[in-house]
Amino acid sequence: MKGRILNGILELSRRLLQKLALEEALSLVTDTAIDLLPGDHASVRVLDPSGTRLLCGTRSGVGADARPMTFKQGDGVLGWVVNHGEIAAINDISTDSRFKKISNQGFEIGSLLALPLLWDGTVLGVLGMTAGEKGAFGEDDILVGEILANTVSPTLERARLERLAITDGLTMVFNQRYLFHRLEEEIERARRNG
């Protein structure tokens, strides 16, 4: 078991050394979390520099194709993790007032593990895992989750900064820098293809 976990984290760290788009890096993180932890759903939400809005996110496991992810500052378990920069491990979501049930979620949640993604003392986002059954996450799982979160934070910060460099800070739509880069790529592709 320990060998599988170490190999999974090592493989993730190797793959994250490649130059990846933010969404690709996030997908690797959630896929690895599903492989290494007992949950059946994983998500990563990455925040804008103010920590108040969702910059992007991704999901793996059950419910991955469900409605788009949201974030409201201070709301729910994820909002609590962002505000406090601490882990939330909930063995029974029905007993925790921080948990906010989302209608039409598409999957059951019995227990939850939410870990802050920290860089230089700032919460970049949250890695969340859920399981349909209660009490799914033990102390070893929390430790693996912490290692996973610490492993991916530097790569996510680099990718997040790259994304912020090509988006407007107010509207979060792509800016002129992105347009010029994409135009160059498309002109080169047109030349290659005649």
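**View 1. Leucine 112 pairs with threonine 130 in this predicted model.** Leucine 112 has its bridge partner, threonine 130, in strand β5. Nine bridges join strand β4 (residues 111-119) to β5. The two strands run antiparallel. They form a hairpin, with two residues between them. Look in the turn for aspartate 120, which has a positive phi of about 55 degrees.

**View 2. Strand β5 is mostly covered.** β5 spans residues 122-131. How many of its 10 residues are buried? The count is nine. Besides its bridges to β4, β5 is joined to β1 by six bridges. β1 and β5 run antiparallel. Find arginine 45, then look across to valine 126 in β5, which stands opposite.

**View 3. Strands β1 and β2 form a hairpin.** Strand β1 covers residues 41-47, and strand β2 covers residues 54-61. Seven bridges join them, and they run antiparallel. Which residue in β2 stands opposite alanine 42? That residue is serine 60. Six residues lie between β1 and β2. Glycine 51 is in the turn, with a positive phi of about 75 degrees.

**View 4. Glutamate 162 lies in helix α4.** The helix spans residues 139-165. Is glutamate 162 buried, partly exposed or exposed? Its relative accessible area is 32%, so glutamate 162 is partly exposed. Buried would need a value under 20%, and exposed a value over 50%. Now find alanine 21. Glutamate 162 and alanine 21 are 141 residues apart in sequence. In space, they are 8.7 Å apart, C-alpha to C-alpha.

Methods
Residues are numbered from 1 along each chain as its sequence is written. This is a predicted model: local features need pLDDT of at least 70, side-chain atom pairs count only at pLDDT 80 or more; totals for chains, interfaces and linings use all residues. Side-chain values use heavy atoms; hydrogens and water are left out. Helices (H or I, at least four residues) and strands (E, at least two) are DSSP runs, numbered from the N terminus. Buried means under 20% relative accessible area, exposed over 50%, partly exposed in between (1.4 Å probe, protein chains only). Two strands pair if DSSP finds at least two bridges between them.
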